Amino acid sequence: METEPIAVALKFGFLAVLYLFLLWVARSGFRELRRTSAPAPDATGVYPVGPGGRAAATDASLVVTRGGGLEPGERFDLFGGISIGRSTDADVRIEDRFASGVHARLYSRGASYYVEDMNSTNGTFLNGGRLDGEAKLSDLDELRIGDTEFRFELEVPGV
């Protein structure tokens with residue numbers, strides 16, 4: 001019967017250590033939340049436009065090469081940006097089992113156009129290489145999402 005007070009003391013000691021650990025985890029979590037209350041300027045997705053409004057000197061389009069339940073040669077204007085995926089929320093809906101709901105997006109920033117993978121499962125490929133994050137597009141770049149392929153084309157004004 002003399003071991004009973006020691007067992008009770010060990011139980012209370014264990015509970016005290018457990019509560020201290022939980023307090024430490026909660027405190028560090030709150031500290032991390034306070035530190036990231038204002039997102040970094042690059043993390044917002046909002047970028048300043050140059051003087052005079054939209055600075056893109058040319059318009060661009062995305063041309064279907066093959067797949068996705070789309071007709072080859074079908075063109076999508078990139079004015080204002082577009083999203084590509086299987087979801088009905090995507091601007092360009094593709095029927096591709098390897099595509100995510102909203103798989104990628106294309107948009108202009110200044111005079112340049114960019115493609116961004118939206119954390120898709122199977123990835124977005126630009127000119128045969130896997131795309132991580134965003135990349136600047138050049139004329140006639142090839143974009144592949146699953147079995148669906150597109151070609152990025154800049155449209156020269158006056159031609």
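This is a predicted model: local features need pLDDT of at least 70, side-chain atom pairs count only at pLDDT 80 or more; totals for chains, interfaces and linings use all residues.

**Exercise 1.** Determine where Val25 lies and how it is classed by accessibility.

*Solution.* 
Step 1: Val25 belongs to helix H1, which covers residues 4-35.
Step 2: The relative accessibility of Val25 is 38%. Partly exposed residues fall between the buried limit of under 20% and the exposed limit of over 50%, so Val25 counts as partly exposed.
Step 3: Val25 also takes part in a nonpolar surface patch, whose members include Val8, Phe12, Leu22 and Trp24. Together, the residues of this patch have about 1100 Å² of accessible area.

**Exercise 2.** Locate Ser100, decide whether Ser100 is buried or exposed, and list its contacts.

*Solution.* 
Step 1: Ser100 sits in the loop that joins strand E4 (92-93) to strand E5 (104-109).
Step 2: Because its relative accessibility is 17%, Ser100 counts as buried.
Step 3: Beyond neighbours within four places in sequence, Ser100 contacts Gly85, Arg86, Ser120 and Thr121. With Thr121, the side chain of Ser100 reaches the backbone nitrogen at 3.5 Å.

**Exercise 3.** Describe the surroundings of Phe152.

*Solution.* 
Step 1: Phe152 is part of strand E11, residues 148-155.
Step 2: Its relative accessible area is 2%, and therefore Phe152 is buried.
Step 3: When residues up to four places away in sequence are not counted, Phe152 touches several residues, among them Ala60, Leu62, Leu78, Tyr113 and Leu140.
Step 4: Val63 is 89 residues away from Phe152 in sequence, yet their C-alpha atoms are 6.4 Å apart.

Technical notes:
Residues are numbered from 1 along each chain as its sequence is written. Side-chain values use heavy atoms; hydrogens and water are left out. Patches are made of residues with over 30% relative accessible area and no salt bridge: like charges are joined within 9 Å, nonpolar side chains (Val, Leu, Ile, Met, Phe, Trp, Tyr) within 5 Å. Accessible areas come from the Shrake-Rupley method with a 1.4 Å probe; for residues, only the protein chains shown count as cover. A salt bridge is a side-chain nitrogen of Lys or Arg within 4 Å of a carboxyl oxygen of Asp or Glu. Helices (H or I, at least four residues) and strands (E, at least two) are DSSP runs, numbered from the N terminus. Buried means under 20% relative accessible area, exposed over 50%, partly exposed in between (1.4 Å probe, protein chains only). A polar contact is a pair of N or O atoms within 3.5 Å; within protein, one must be able to donate a hydrogen and the other to accept it, and residues adjacent in sequence count only if both atoms are side-chain atoms. Contact means heavy atoms within 4.5 Å.
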